[in-house]
Structures are given as C-alpha cells and as structure tokens.
Amino acid sequence: MAQKTAFITGATSGIGRATARLLAKEGYRIIACGRRAERLKELKEELSAVTDITTLTFDVRDHEAVVAAIESLPEEWRAIDLLINNAGNAHGLSSIQEGSLEDWEAMIDINVKGLLYVSRAILPGMVQRNSGHVINIGSIAGREVYPNGNVYCASKHAVDAINSGMRLDLNQHNIRVSQIAPGLVETEFSLVRFKGDSGRSQKVYEGYQALQAEDIADLVVFIATRPAHVNLADVLILPSAQASSTLVHKNQA
Ligand code: NDP
Ligand code: 8X3
C-alpha cells in the first residue's frame, strides 16, 4: 500500500505531537505544523529516523501565512491523505461579564477561524483526488457548557458544527470526516489557559488519572486506519474518573 501523508496542526505539544509520533510509527509521512520552530526542529530530528517528515511554521490565525505555508510544500508533499485539525487552546477561564476580549478573540481566531483557514487550503486537493480523511479535535466542551467556559465552549461547539457540515459537504467526494471530543487530557492545555501559572494548571490534573496525549493519539490512529467503508464519525473520550465537564471523581487527599 502507498505510504500516506498526514498533516497535523499543533504538532509542537500535547495531542498533536503524540499523534505525529504514533502516525510516524504507523508508517505515515508527516507534515508537522506549529508556531514554535525550535520544537518542530526537534520533532523532525526525532522522527526522521522513523519516517519522512517535513515541518511548517505558521500561526493558524494568519490566513496569508496559512496559504503561503501550504503552497510552499514541494510537489511530493502536496497529496495530503489525512488532515488532523488539532491546533487550539483555551485562553482564560472567566465569567462572561469579566472575560478578556483578547482571550475571546484568540479562541475564536485559533480554534474556529484557524481550523477553517487550514481546511479551506487543504480540502480542494482532497476533493480533486476524490480521497481523504479529516479528523477534527473537538472537545467535551463542544457538547456541554461549563461555568466560566463560555467562549472556549462556544469555539468547540463551532468545531462540532463545522465537523458535521464538513461531513455533509464532503460526502459525495469520498472524504471521511471524524471528530474526537476529549475530556480532560494532561498536556500544556491548562498551562496556556492559566497563562503559565503551573500551580493552577497542575491542580486540574490532581487526584485522578487524566487522559494522556498518547491516549488521544491512539484513537486518531485507530480512526485513521479503519477500512475505507468505516467512519468513526464522532467519538467522546473521557478519563474514567470524568462523568461530565463538571463531575470528576477525585481522591480525597
Ligand atoms: P497543547 O497546549 O499541549 O497544544 C496546543 C497545540 O496547538 C500546540 O502545538 C500549539 O503550537 C498549537 N497552537 C496553539 N495556538 C496556535 C496558533 N495560533 N497557531 C498554530 N498553532 C497553534 O494542548 P492540547 O494538546 O491539549 O490541545 C490540542 C487540541 O486538543 C486543542 O484543540 C484543544 O482544544 C483540544 N482539547 C484538549 C483537551 C485537554 O484537556 N487538553 C481536551 C479536549 C480538547 P504552538 O504554540 O507551537 O503554535
Ligand atoms: C478541554 C476540555 O473541559 O478542560 O477541551 O475545557 S475542558
């Protein structure tokens, strides 16, 4: 079977980086993306021993940069089989009346518009080849709204709607569209949400076993490697200790 090419946004950390590592192990060629060039360089050095890898450094918020980066791919990297729309973060955790406009704009621009910019640049090629698979990383926050999560939850509800819309529009083009909606995953997510406050971010994962980035990567690989007639369209994945956005069974210390 021909080697497949995966394009992964947010590959410098957490879920995206674990996914790049696992897909590489599975024999995929990797296009790893993110803003932190040094981390992409390290990942390239690490995975070069395993597979072909190329990297693209751009901010998903910058439409021109997204298009320029994707157009800069050499011919042999242009046939993208698998797009993992993963780049995203929460910025802040505040009531709606106190939230920061800057945080709101970051979440809408990255989690929603960035995902759209990347998809818009890659999907025409999949349509032309009548083949492809998109895996969108949504969240439990795209199914439930929790206190102070307002705009992050809205951004992930938007991802949920875009995921469904993509599946409808791409149906006739033989392109599978899948969403993974994780609960709590121990990555740099909370460090970003709490603006580098490591004490506060560590607390999010204390007293229970959170999901690890590798658990989500496992699921990505499982979804991507199902036979062509099978689409795992939408998967909610939670730590066993988590029942909902607001109910996590923690050990009483
Ligand atoms: P991390 O903070 O560890 O990783 C986020 C990734 O997104 C980084 O690689 C970062 O790269 C990239 N990214 C962020 N902003 C931008 C930007 N403006 N342009 C390009 N890339 C960007 O968090 P996770 O791995 O946990 O998050 C990955 C996805 O999973 C997100 O969409 C998140 O919403 C979702 N998710 C996470 C959960 C969790 O509990 N951790 C649960 C449910 C969903 P760089 O900074 O180098 O640009
Ligand atoms: C991340 C899950 O519940 O921490 O999307 O916001 S949550």
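How much space lies in the second largest pocket? In this predicted model, where local features need pLDDT of at least 70, side-chain atom pairs count only at pLDDT 80 or more, and totals for chains, interfaces and linings use all residues, the second largest pocket holds about 310 Å³ of space. Residues are numbered from 1 along each chain as its sequence is written, chains are lettered from A and ligands numbered from 1 in the order in which they are written, and side-chain values use heavy atoms, with hydrogens and water left out.

A pocket is an open set of points, on a 1 Å grid over the protein atoms alone, where a 1.4 Å probe fits and protein lies on both sides within 12 Å along at least five of seven lines, and its lining residues have an atom within 4 Å of a point; volume is the space filled by probe spheres set on the points, which are joined across faces, edges and corners. Of the 15 residues lining the second largest pocket, Ile70, Arg78, Ala121, Ile122 and Gly125 are closest to its centre. Helix H4 (101-129) supplies the largest share of this lining, seven residues, helices being DSSP runs of H or I with at least four residues, and strands runs of E with at least two, numbered from the N terminus.

The largest pocket has a volume of about 1,100 Å³ and is lined by 50 residues, of which Gly88, Asn89, Tyr152, Thr187 and Phe189 lie nearest its centre. Helix H6 (189-193) gives the most to the lining of the largest pocket, with four residues.
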